[in-house]
Amino acid sequence: MKKNYIVLVLMLLGLLISCNNNTNRKEKQEKSVPVMAVSKTDTLIQNSFVADIQAKKNIEIRSRAAGIIEQIYVNEGQFVKKGQRLFKTNDAELRMERNKVMASLKQADADIRIAEIEVNQLQVLYAKDFVASNELNMAKAKLASTKAKRAYVDAELKAIQQKISFTNIIAPFDGVIDVIPLKEGSLVENGTLLTTLSQLNEVYAYFSIPENLYFELLAHDKMGKHQKIELILPNQEHYDYNGTLKTAEGEIDPTTGSIRYKVMFPNPKLHIKHGTSGKLVISEKEEKAIIIPQKATFSIQDKTYVFVVEKDQKVKMRNVQIGSTLSESYIISAGLKLGDAIVLEGTQSLRDGDVIKIKSTSKTRK
């Protein structure tokens, strides 16, 4: 009798445990989670890049002849026009050298005239057989020699005149003068830095993009199809003008795995200077995009998944491809279609094949 009682108690305990397990399993399978329906919407994607701003042209103005700075015609920060004189270095010694060479040139001209007269006379005498051909040939060779000397002296004169022109330093284009480190009276050598000139009517903002993004833009034919390119200045203000994307460099930097682009901005007031830093905000319109919250996704081995809710309210893992990242959302390029329903949050507690209770199907996220 006692044994029968024990067996009955064990059977009742087993039945109670089984009922509890079934209840827990059912509760687990029917966990209540929010759900959202996948829809398509137009959105604006914004990407930010650190930019290095450079002038359209920025060159160093250096002396091309040794001498003393005789006069400085411009001030630091001044706007100058192409051809305007900037500096003048002393050219007294060069002018003295030029005078000597000019005297040598006159002597060479005189030697040529004498040699020509001699050749003409000998040709007359040779025609009458009064002189030998060797004597005439010698006179002709002497004339050729004097002409060669004259050409050499003339080349010297042109070289000196060019050096004299180098003492007048002029602006090669319209631009703004930078710091002038030397003052009048300073001795300069050939190649001494006098100042820097920047052409600022246009500026270029250089930025780099990773090579994978570069090829992604190429694959989707998005190069240059941006809606708007803005410049954020160091004081966090938006620049008045939008930019235009220009061509990229011809190669990818092997050390950084990136390629540089540049954006041209008009700079009519010359407010932006060479070397300014800034941030580019490139906005791109995405039409009929599938956008889901980041919290609706989870990752397994570098792949991104969502739980899709099927008709029987079972959830099924599905791999999705992320096209772009917004502040708290992803734009999905593959893996979801219009009308799909996905679990909005609570994915950590779900397993593939679980049955859920739908808390909400109306919540969407743009």
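Predicted model: local features only at pLDDT ≥ 70, side-chain atom pairs only at ≥ 80, totals over all residues.
Helices H2 and H3 are roughly antiparallel to each other. H2 covers residues 92–127 and H3 covers residues 133–166. Their axes come within 8 Å and cross at roughly 160 degrees. An angle over 145 degrees counts as roughly antiparallel, which is why the pair is described in this way. The crossing of H2 past H3 is left-handed. In the contact of H2 with H3, the residues divide into 17 nonpolar, 5 polar and 15 charged.

Next come the nonpolar cores. The largest nonpolar core has 24 residues. Which of its residues touch the most other members? They are Phe207, Ile209, Leu231, Phe265, Ile272 and Leu280. Several elements each supply at least two residues of this core: strand E3 (40–62), strand E10 (193–210), helix H4 (211–219), strand E11 (228–232), and strands E13 and E14. Of these, E10 gives the most, with 5 residues.

Leucine 231 can be followed in detail. Leaving out residues up to four places away in sequence, leucine 231 touches Ile53, Glu237, His238, Tyr239, Phe265, Ile272, Gly278, Lys279 and Leu280. Phe265, Ile272 and Leu280 in that list are also among the core residues that touch the most other members.

Threonine 89 lies in strand E6, which runs over residues 85–89. Is threonine 89 buried or exposed? Its relative accessible area is 2%; buried means under 20%, so threonine 89 is buried.

The last stop is the backbone of two loops. Leucine 270 lies in the loop between strand E13 (258–266) and strand E14 (277–293). Leucine 270 has a phi near 60 degrees, a positive value in a residue other than glycine. Aspartate 302 is also not a glycine, and its phi is positive at about 65 degrees. Where is aspartate 302 found? Its place is the loop between strand E15 (298–300) and strand E16 (303–309). The relative accessible area of aspartate 302 is 81%; exposed means over 50%, so aspartate 302 is exposed.

Definitions and conventions. Residues numbered from 1 in each chain as written. Heavy atoms only, no water. Axes fitted to C-alpha atoms, helices over the stretch in contact; angles between N-to-C directions. Helix = DSSP H or I, 4+ residues; strand = E, 2+ residues; numbered from the N terminus. Parallel < 35°, antiparallel > 145°, perpendicular 65-115°, else oblique. Left-handed = near helix turned anticlockwise from the far one by under 90°. Nonpolar A, V, L, I, M, F, W, Y, C, P; charged D, E, K, R; others polar. Buried < 20%, exposed > 50% of the residue type's maximum accessible area, 1.4 Å probe, protein only. Core = buried A, V, L, I, M, F, W, Y, C linked by side-chain atoms within 4.5 Å. Contact = heavy atoms within 4.5 Å.
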